[in-house]
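Work through the exercises below with the sequence and the model open. Try each task before reading its solution.

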Amino acid sequence: VDAVREVSLTIAAGEMLAFLGPNGAGKTTSIKMIAGLIRPDAGWVRICGTDPHTDARALKQVGAVLEGNRNVYWRLTPEENLEYFGVLRGMSQQAARQRSQELLERFHLTHKRRALVQSLSRGMQQKLAIAVALMHQPALLLLDEPTLGLDVEATEDVKRLVREFVQEGCAILLTTHQLAIAEELSDRVAIINQGEIVAEEPTADLIRQFSGSAYRIETDQPIDHARQQKLEALGVIVEDALTVHVPEFPLLYSTLDLLNPLPLLRVEKDQANLTDVFLKLVQEGKND
């Protein structure tokens with residue numbers, strides 16, 4: 001069985017690629033090949049021009065936070081974890097200590113630097129795991145389900161930090177089943193299904209392709225019968241006394257003129273989201 005077939009991905013510095021797919025699609029296999037854990041039967045992997053399967057220097061360019069794994073030692077403190085993994089990555093003790101203090105401050109963990117990790121909240125543990133992965137300032141960060149299980153405040157904090165590191169030039173490969181997070185954070189999306197890439201495009205462009213040109217208008221007061229007849233004659237669908245469906249953009253302003261001066265609650269474009277796109281592409285793969 002071929003776990004993946006002709007998968008080709010490129011991530012630039014300062015870019016976040018959301019790598020999405022259903023369970024068993026080949027995401028984990030692909031990530032393990034990138035990380036140097038599985039050697040591909042054919043093809044190659046390059047990280048900053050070096051091969052992680054033949055050159056250990058390539059692995060120094062990679063950081064990883066994997067869901068379902070303990071990315072840090074729970075019986076050590078955040079400070080101890082950062083320094084330990086920094087030295088493990090080839091940093092001097094002094095450099096690791098300095099870098100750990102910088103990251104503790106940046107991740108708002110300074111006040112917990114000497115607390116045992118097992119006593120920290122889920123959100124703090126996740127932030128620490130990301131900080132540990134960034135200790136040696138890797139060019140590529142493999143980020144798996146970074147906000148899973150976090151509360152709203154911790155989720156926003158993690159998203160902010162991830163955006164900052166992308167802006168500073170880190171390339172991030174994001175894998176998640178939380179498609180709203182992927183839509184919000186990613187620059188590009190690659191969707192894998194049954195071992196093959198079925199879509200790879202800038203996030204906004206991909207969503208635009210699956211979005212319609214229709215509009216829905218909701219009014220704050222009932223639309224009278226005379227207006228309803230004029231709207232239907234125009235080609236607009238009156239769904240109920242408060243909602244009309246405009247099937248195409250050229251009819252939008254004529255519809256608004258007919259509704260004037262009724263107060264409006266919402267004018268909404270028929271906009272797809274990444275979840276819609278993902279489900280459609282995956283379902284098409286099942287039907288092929």
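The model is predicted: local features need pLDDT of at least 70, side-chain atom pairs count only at pLDDT 80 or more, and totals for chains, interfaces and linings use all residues. Residues are numbered from 1 along each chain as its sequence is written, and side-chain values use heavy atoms, with hydrogens and water left out.

**Exercise 1.** Determine whether glutamate 15 is buried or exposed, and find the polar partners of its side chain.

Solution. Step one: locate glutamate 15 in the segment before strand E1 (16-20); strands are DSSP runs of E, at least two residues, and helices are runs of H or I, at least four, numbered from the N terminus. Step two: the relative accessible area of glutamate 15 is 13%. Buried means under 20%, exposed over 50%, and partly exposed in between (1.4 Å probe, protein chains only), so glutamate 15 is buried. Step three: a polar atom of the glutamate 15 side chain lies 2.9 Å from the backbone nitrogen of alanine 12. The side chain of arginine 188 makes a polar contact of 2.6 Å with that of glutamate 15; such a contact is a pair of N or O atoms within 3.5 Å, where, within protein, one must be able to donate a hydrogen and the other to accept it, and residues adjacent in sequence count only if both atoms are side-chain atoms.

**Exercise 2.** Which residues touch the most other members of the largest nonpolar core?

Solution. Step one: apply the definition, a set of buried Ala, Val, Leu, Ile, Met, Phe, Trp, Tyr and Cys residues joined through side-chain atoms within 4.5 Å. Step two: the largest core has 51 residues, and Leu20, Leu82, Phe107, Leu143, Ile172 and Ile191 touch the most other members. Step three: helix H5 (residues 122-133) supplies the largest share of this core, seven residues. A second, separate core has 14 residues, including Val62 and Leu173.
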